[in-house]
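Take a moment to look over the chain as a whole before turning to its parts. The paragraphs below go from the overall picture to one strand residue and then to one helix.

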Amino acid sequence: MEMEYITPLTKKKNKQKQINMKYKYIPVDNDLVKAEAFAHTLNNDFILNNQKIKQKDFYIETVDVIKQFQNEGWILKGVAEDKGKNRKIISNYAQLHHPDFSILNSSGKTEALASMTISNSCNGSKPISMDLGAFRLVCSNGMISKTTIAESKLKHTEVNYTNLPTFISNLNNKAQILSQEISNLKNTNLTQRQMQDFAFRAAQARYTNLTNIDVMGLLKVNRREDEGTDAWSVLNRLQESLTHNISSFSDDIKVNQELFSMAESYS
């Protein structure tokens with residue numbers, strides 16, 4: 001089965017529609033040269049010389065983290081960037097999958113793979129973040145899991161720069177625990193009231209005004225694979241409904257983290 005995450009939406013001439021457009025995620029098939037060609041800020045020289053951005057001492061480059069994850073068997077699937085109000089690129093992102101850390105469905109077939117999302121600010125003002133989650137093979141969304149075992153945030157310091165291999169190795173080891181977390185969600189069946197409560201909480205996490213939001217419509221089953229009342233299936237239905245038009249990669253990660261945490265609260 002072909003894996004897909006996010007494809008760029010067609011650009012609109014109307015500026016307001018452009019503002020609401022999904023951020024552009026570029027598949028790169030584990031090719032770092034291709035990744036740097038599309039996400040220029042993965043090349044640190046571009047940040048320093050073209051964008052004229054001053055970085056913190058001991059800045060941890062995203063590409064160095066990617067390479068170390070690749071050494072652990074992770075495959076670089078795609079990259080993205082976010083721009084600030086001054087139109088300069090302020091953050092870059094990379095997503096990797098690990099084929100050996102898979103999540104099986106009831107038929108014993110691979111349903112999802114472990115996913116690692118790397119988020120980094122171009123000037124080092126924010127910690128570099130590595131989030132562990134699960135990427136489903138049946139849909140175009142990504143699952144970002146924010147739990148005590150699934151996230152590492154490293155400030156750009158000399159100590160963290162030196163100990164980066166240890167942090168990556170530890171997070172790589174924790175990827176094996178993810179399948180158990182997903183199993184717990186699959187084994188947790190929600191009542192109708194719990195599903196409605198989940199949908200309402202999820203909508204609050206995504207929107208500031210729910211006046212024109214059909215909260216119950218968020219639970220609609222659009223794919224056969226998402227049928228069911230278990231927390232995992234309900235989570236994926238809500239995620240697909242709520243994240244398809246987010247215009248910022250960082251906002252996408254934030255919403256996914258919140259949704260996963262909500263799902264865990266029912267298990």
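Of the 267 residues in the protein chain, 48% are buried, where buried means under 20% relative accessible area, exposed over 50% and partly exposed in between, with a 1.4 Å probe and protein chains only. This is a predicted model, in which local features need pLDDT of at least 70 and side-chain atom pairs count only at pLDDT 80 or more, while totals for chains, interfaces and linings use all residues. Residues are numbered from 1 along each chain as its sequence is written, and side-chain values use heavy atoms, with hydrogens and water left out.

The secondary structure of the protein chain consists of ten helices and seven strands, which are DSSP runs numbered from the N terminus (helices are H or I, at least four residues; strands are E, at least two).

Within strand β5, which covers residues 128-136, lies Ser129, and this residue counts as buried because its relative accessibility is 5%. The side chains of Ser129 and Asp131 are joined by a polar contact of 2.9 Å, that is, a pair of N or O atoms within 3.5 Å, where within protein one must be able to donate a hydrogen and the other to accept it, and residues adjacent in sequence count only if both atoms are side-chain atoms.

Helix α10, residues 249-265, has 17 residues that should span 24 Å at 1.5 Å a residue, and its end C-alpha atoms are 25 Å apart, which agrees; the expected span is 1.5 Å times one less than the number of residues. Among the buried residues of α10 are Phe249, Ile253, Leu259 and Phe260.
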